[in-house]
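The report below goes through a protein model for a reader who works with computed geometry. Terms are given their cut-offs where they first come up.

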Amino acid sequence: MNIKEKYEAAKQEYAKFGIDVDKVLEELQKVKVSVHCWQGDDVTGFEVSQNQLSGGIQATGNYPGRARNPEELRADLDKALSLIPGKHKINLHAIYAETNGKAVERDEIKPEHFENWVNWAKERGLGLDFNPTIFSHPKASDGLTLSHPNKEIRDFWIRHAIASRKIGEYFGKELGQTCLTNLWIPDGYKDIPSDRLGPRKRLKDSLDQIFAEKVDTKYNLDAVESKVFGIGAESYTVGSSEFYINYAAKNGILSLLDTGHYHPTEVVSDKISSMLLFSEKVALHVSRPVRWDSDHVVIFDDELKEIAKEIVRNDALDRVIIGLDFFDASINRIAAWVIGTRNMLKALLSAMLIPHDQLIKLQEEGNFTERLALMEELKTYPLGDIWNYYCEINNVPVKEDWIKDVKEYEKTILENRK
Ligand code: RNT
Ligand code: ZN
């Protein structure tokens, strides 16, 4: 049987449950995942005076072929996108500004520094998302930024965040797709603080100043990302979950939940429904924490599938903004993008192939035996045959066929980056 024939056969299996697989694929085609650019260069960026990665995040490994400039990064993204079904968005950070060899301070970045990105995205019909870069900088060297006791430092980062939101607005206007500008800061303390309230008061005040600047939500949406701890900030994080969830709710902006930013047994899949009851939209950084916020490549594991189920069965594909956030420097970086993004899409597909109404009914009836039995049986239904067909009709390699493309690219392009 060829791919189409296998698809037709698999379709019948799901039709038994009243699932229209052709319709499912149309739905999946509309989904946009925000692919983070920073997997391509280990979160280095293109600033003239380059600073060491800081903020309690770490890219480990020295796999050859890291993108060293915007042209290489865009070429690598093009390669990765050619192996991923669908049309997506690219997530940029302020450190990916192009300033023509001129040192431009972060509080002075402007839309013009992202013109090349915008033109590149336009040509390909891609959307762009954005992030101020509030780490890896001399003014963040003590691990404090928007909550810093020193007003000059806070003001610097406030100006940077405002400048970033304007770049987000520019992306939205130029590309006709709303940009999500997400703010994450590393602020925290290694050891037990003697004051927990003061830094949070200062952060709140800084955010108030940042968001006082009005930016049209048609073009740009703002999000704030919490975290439980970072390396060097083990005891206290200023921007904790409670802090930002309250801040976002009160100020009409989005909360962004990063799957690596909670205690190890705490899961984001369980948080989505609660967020959806109280906010119009919620944003995600889908990552894979291994013992800590390690940012491993996203795999097709239970938690990813559970997240996808929460989005799909709550009819929230247009309310949950799905972004990826991982950076592994120990494997081919293009493969990392392809694996992680294909897995995210595959998880959404798998969630769309579940008879949710029937399972919900079983739960309502208290029939937990059948609920569990059906959930387990569904796990070995022929998802793969549907996924392969989806890849085929999207003109991207089927199954592991993409690996040889990446190998070829590594040989001809990446290996020459010495
Ligand atoms: C850090 C946060 C943040 C960064 C990126 C680079 O713990 O997850 O989102 O990973 O902004
Ligand atoms: Zn994140």
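At roughly what angle do the axes of helix H10 and helix H14 cross, and within what distance do they come?

## Basis of the model

This is a predicted model, in which local features need pLDDT of at least 70 and side-chain atom pairs count only at pLDDT 80 or more, while totals for chains, interfaces and linings use all residues. Residues are numbered from 1 along each chain as its sequence is written, chains are lettered from A and ligands numbered from 1 in the order in which they are written, and side-chain values use heavy atoms, with hydrogens and water left out.

## Two helix pairs

The axes of helix H10 (residues 333-352) and helix H14 (residues 402-412) come within 10 Å and cross at roughly 155°; axes are lines fitted to C-alpha atoms, for helices over the stretch in contact, and angles run from 0 to 180 degrees between N-to-C directions. Helices (H or I, at least four residues) and strands (E, at least two) are DSSP runs, numbered from the N terminus. H10 and H14 are therefore roughly antiparallel to each other, given that angles under 35 degrees count as roughly parallel, over 145 as roughly antiparallel, 65 to 115 as roughly perpendicular and the rest as oblique. Their crossing is right-handed, where a crossing is left-handed if the near helix is turned anticlockwise from the far one by less than a right angle, and right-handed if clockwise. On the H10 side Ile334, Ala335, Val338, Ile339 and Arg342 meet Trp402, Val406 and Tyr409 of H14, contact meaning heavy atoms within 4.5 Å.

Helix H4 (residues 115-124) packs with helix H5 (residues 151-175) at an angle of about 30°, the axes lying 10 Å apart, and these two helices are therefore roughly parallel to each other. H4 passes H5 in a right-handed crossing, and the contact is made by Glu115, Val118, Ala121 and Lys122 from H4 together with Tyr170, Phe171, Glu174 and Leu175 from H5.

## The annotated binding site

Which residues does UniProt list for "binding site"? The unreviewed entry lists His261, Asp293 and Asp295; UniProt positions are given in the numbering used here, feature names are shortened, and annotations may be inferred rather than shown by experiment. These residues span 35 residues in sequence, yet no two of their C-alpha atoms are more than 10.1 Å apart, so they gather at one spot. His261, Asp293 and Asp295 also belong to the lining of the largest cavity. On a 1 Å grid over the protein atoms alone, a cavity is a set of points where a 1.4 Å probe fits but cannot get out, and lining residues have an atom within 4 Å of a point.

Histidine 261 sits in the loop between strand E8 (254-258) and helix H8 (272-278), and at 4% relative accessibility it counts as buried; buried means under 20% relative accessible area, exposed over 50%, and partly exposed in between (1.4 Å probe, protein chains only). Not counting residues up to four places away in sequence, histidine 261 touches Trp184, Glu225, Ser226, Lys227, Val228 and Asp293. Aspartate 295 lies in the loop between strand E9 (282-286) and helix H9 (302-313), is buried with a relative accessible area of 3%, and, with residues up to four places away again not counted, touches Ser287, Arg288, Asp325, Phe326, Phe327 and Asp328.

## Packing around H13 and H1

In helix H13 (residues 383-393), Leu383, Ile386, Trp387, Asn388, Tyr389, Tyr390 and Cys391 are buried, and the buried residues of H13 pack against H1, helix H2 (21-30) and H10. Tyrosine 7, in helix H1 (residues 3-15), is buried with a relative accessible area of 0%. Leaving aside neighbours within four places in sequence, tyrosine 7 is in contact with Val21, Asp22, Leu25, Asp385, Ile386 and Tyr389.

## Positive phi values and a buried arginine

Aspartate 42 and asparagine 100 are not glycines, yet aspartate 42 has a positive phi of about 60° and asparagine 100 has a positive phi of about 60°.

Arginine 74 is found in helix H3 (residues 70-81) and is buried, with a relative accessible area of 9%. Its contacts, leaving aside neighbours within four places in sequence, are Glu98, Asn116, Trp117 and Trp120.

Terms used
1 Å grid on protein atoms, 1.4 Å probe; cavity = no way out; pocket = protein on both sides within 12 Å on 5 of 7 lines; lining within 4 Å.
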